[in-house]
Amino acid sequence: MLAGLGLVAVESDFYRRFLTRPPSTAECVGDLMGLSVEDARLVAERLLSLGLLAGTAEGKLRAVHPVLACHPLLERAELRLARQQKELELGRAEVDELASETGPTGDSSLAEAEVHRGADAAWSFLERVAATASTVRCMAAAGAAPGVGETSDYAAISKLAAFTAQRGTDVQLLLLESIDILPSLMDGARAMAAAGVEIRTVPTLPVWTFIIDDEYVATALDPADNQEGVLIARTPGAVAAAVDLFSRHWRGAAPLAPSDQPTARDVMQKHRDLLAMLADEVKDETIARRLGVSKTTARRRIKDLVCEFEVKNRTQLVLRACRMGLLD
């Protein structure tokens, strides 16, 4: 195929057939290819104009040797490629120039705190992060991401995260274990993982939080309504606190379950959830509701843990769990 030199498939095949036969007519070669007389003549005229075919004294056509015939075409292709490369470089420079003009105006980009109110502003901020960040660590709490109205899937945020990872950004993402309730959430999570996002899951997260380049932190303005916008903090203390919180969750998190494995929590993680509620002195009724079991079942599980840890009561159970490192 000579598509790189500007020939379509039928023209390339037409020329090749002339290369392997004595001088002939356009009609004869066209007949071999199943072309009409008119189409064969049009192809021949095109190849004559390009210098790939030449006429003979007998009024027939012959193929010009490829090295001779294709050299001018190669030169033209190289010139065309050079022009395209120059246009690409100019386009990249224009994109960089536009990027430098995008974002907070004035000196606000250096402010210790910024507020981007509303869903559109929040999403624009996330787009800027996806386009410019070198590292992103995110705690994806309950509800949709800032700027995203749909809570039943990760379609929008997964595309943004995948783009971020594919451009070489190091992306670490903490998701809630409860995403395994909805297949659409798991599909989005696995799409991000396939794109290079490193994902782990944890039982609970406080609020949507982004740590960008370890230089600034962005959190949802309102944990109950992620459409309110985002707050950006650039103070070293805020960044250090967010990094520490993320690291604590990350160390105790479980890798995202592969698609061929069940997503249910393992026994130890269930123990840790229950132990954490006991440490917080959560009432049995609330424990049962959070675990999705009856009050009787919740109490039986607590009793089983007391026996398993070889202690006498709940207080000793919590103390033993702390000593074993099962509670932060």
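## Salt bridges in the model

Nine salt bridges are counted in this predicted model.

## R46 and E11

R46 and E11 form a salt bridge through their side chains, with an N to O distance of 3.2 Å. This pair joins distant parts of the chain: R46 belongs to helix α3 (residues 37-50), E11 belongs to helix α1 (residues 9-19), and 35 residues separate them.

The two partners differ in accessibility class. R46 has 31% relative accessibility and therefore counts as partly exposed. E11 has 10% relative accessibility, so it counts as buried, because buried means under 20%.

## D13 and R17

A salt bridge also links the side chains of D13 and R17, at 3.6 Å from N to O. Both residues are in helix α1, and because they are four residues apart, about one helical turn separates them. D13 is partly exposed, at a relative accessible area of 30%. R17 is partly exposed as well, at 29% relative accessibility.

In the salt bridge between R299 and D284, the closest N and O atoms are 2.9 Å apart. R299 is in helix α11 (residues 295-308) and D284 is in helix α10 (residues 284-291), so this pair ties together parts that lie 15 residues apart in sequence.

Is each partner buried, or partly exposed? R299 is partly exposed, with a relative accessible area of 42%, whereas D284 is buried, at 10% relative accessibility. The pair also belongs to a network of salt bridges, in which D284, R299 and R314 are linked.

Terms used:
Residues are numbered from 1 along each chain as its sequence is written. This is a predicted model: local features need pLDDT of at least 70, side-chain atom pairs count only at pLDDT 80 or more; totals for chains, interfaces and linings use all residues. Side-chain values use heavy atoms; hydrogens and water are left out. A salt bridge is a side-chain nitrogen of Lys or Arg within 4 Å of a carboxyl oxygen of Asp or Glu. Helices (H or I, at least four residues) and strands (E, at least two) are DSSP runs, numbered from the N terminus. Buried means under 20% relative accessible area, exposed over 50%, partly exposed in between (1.4 Å probe, protein chains only).
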